[in-house]
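User: I would like a close look at one part of this model, the ligand site. Please keep to what can be computed from the atoms.

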Amino acid sequence: MKKILVTGALGQIGSELVCHLRRLYGAAQVVATDIRLSDNAAAHSGPFELLDVMDGASMLEIAKAHQVDTILHLAALLSATAEAKPLLAWNLNMGGLTNALEVSRELGCSFFTPSSIGAFGPGTPKKGTPQDTVQRPVTMYGVSKVAGELLCDYYHQKYGIDTRSLRFPGLISYMAPPGGGTTDYVVDMYVEALAKGQYTSYIAEGTFLDMMYLPDALEAIVKLMEADPARLRHRNAFNVTAMSVDPETVATSIRRYIPDFVLNYHVDPVRQAIAESWPNSLDSTAATQEWGFSPVYDLGGMTKDMLENLSGRLT
Ligand code: VAH
């Protein structure tokens with residue numbers, strides 16, 4: 001990767017990915033784009049362009065003007081929002097992806113877009129979910145993610161585009177809050193544990209989901225994109241995970257620092273149904289074998305870092 005265009009650069013992943021890439025490759029080498037401007041560091045620490053990913057012509061114009069060789073396409077609606085607005089989600093998630101793939105095809109760019117554990121459904125093996133298995137999601141988010149995986153493989157097979165993707169678990173971060181997801185409860189729990197000493201979870205006890213601390217996700221994106229293509233037996237998309245947790249296990253790790261923390265429940269049937277359709281724990285062996293995936297943070301390390309950084313931001 002030499003000159004990188006990031007879409008959705010002001011979102012949960014993009015905000016930190018842009019700063020991470022600028023540290024690695026140089027600020028001028030990373031063009032951040034988003035549909036809105038904000039005071040986010042990603043918008044002010046290097047090149048920034050306003051871009052609606054539904055406008056393919058503008059995306060091509062920006063990519064040409066900056067002579068990018070890599071597109072990291074992050075702009076999309078997450079699971080809970082997508083379930084509330086399914087047609088908007090399909091149009092944005094697939095329309096934006098198609099525009100980004102077309103720009104990559106026209107300019108010969110390498111290409112990355114995230115998939116998700118949401119690309120699996122109730123018929124998928126729940127524990128040790130294999131790299132290659134049943135993918136019949138029952139959410140619009142999941143349908144768009146499976147379609148996205150297939151479309152990225154198609155652009156690789158038909159046009160030779162270097163497309164690569166990761167099936168992300170719930171991503172936990174303190175810089176830019178997630179929005180519209182199902183796994184966001186974990187971030188909310190850390191914030192409210194510090195602010196109120198208690199949290200009411202919309203996901204039920206015993207609902208195990210894969211999670212990963214954002215620094216590990218950023219490293220995984222760079223490692224995958226820099227991997228020798230000859231080693232890749234898979235491309236779209238690799239299972240990656242760092243831990244499998246439920247609300248109780250997160251609360252127990254928080255109580256090591258906030259002993260009196262109280263966890264209550266008020267289950268949201270919509271997001272609970274989404275969570276129950278997803279696997280409990282992925283098998284990420286293929287990612288480790290093909291490009292050296294190796295997360296650093298476990299639940300204890302993530303909790304310590306989250307509480308330290310959030311308490312610095314909340315005071
Ligand atoms: C969501 N955070 O909750 C996203 C992610 C695996 C979950 O795709 O929709």
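Which polar backbone atom is 2.6 Å from an oxygen atom of the ligand? Please describe the surroundings of the ligand as well.

Analyst: This is a predicted model, in which local features need pLDDT of at least 70 and side-chain atom pairs count only at pLDDT 80 or more, while totals for chains, interfaces and linings use all residues. Residues are numbered from 1 along each chain as its sequence is written, and side-chain values use heavy atoms, with hydrogens and water left out.

The backbone atom belongs to T182, and it lies 2.6 Å from an oxygen atom of the ligand. This is a polar contact, that is, a pair of N or O atoms within 3.5 Å. Side chains take part too: an N or O atom of the Y141 side chain is 2.6 Å from a ligand oxygen, and one in the side chain of T183 is 3.1 Å from a ligand nitrogen. On its own the ligand has 280 Å² of accessible area, of which the protein covers 95% (Shrake-Rupley method, 1.4 Å probe).

Residues with a heavy atom within 4 Å count as near; those around the ligand include L78, S116, F168, G181 and W278. The shell holds six nonpolar residues, six polar ones and no charged ones, with Gly counted as polar and Tyr as nonpolar. Domain 1 (4-168 + 212-239) and domain 2 (170-211 + 242-280 + 297-314) each supply at least three residues of the shell; the domain bounds come from an automatic or database domain assignment.

Note on methods: A polar contact is a pair of N or O atoms within 3.5 Å; within protein, one must be able to donate a hydrogen and the other to accept it, and residues adjacent in sequence count only if both atoms are side-chain atoms.
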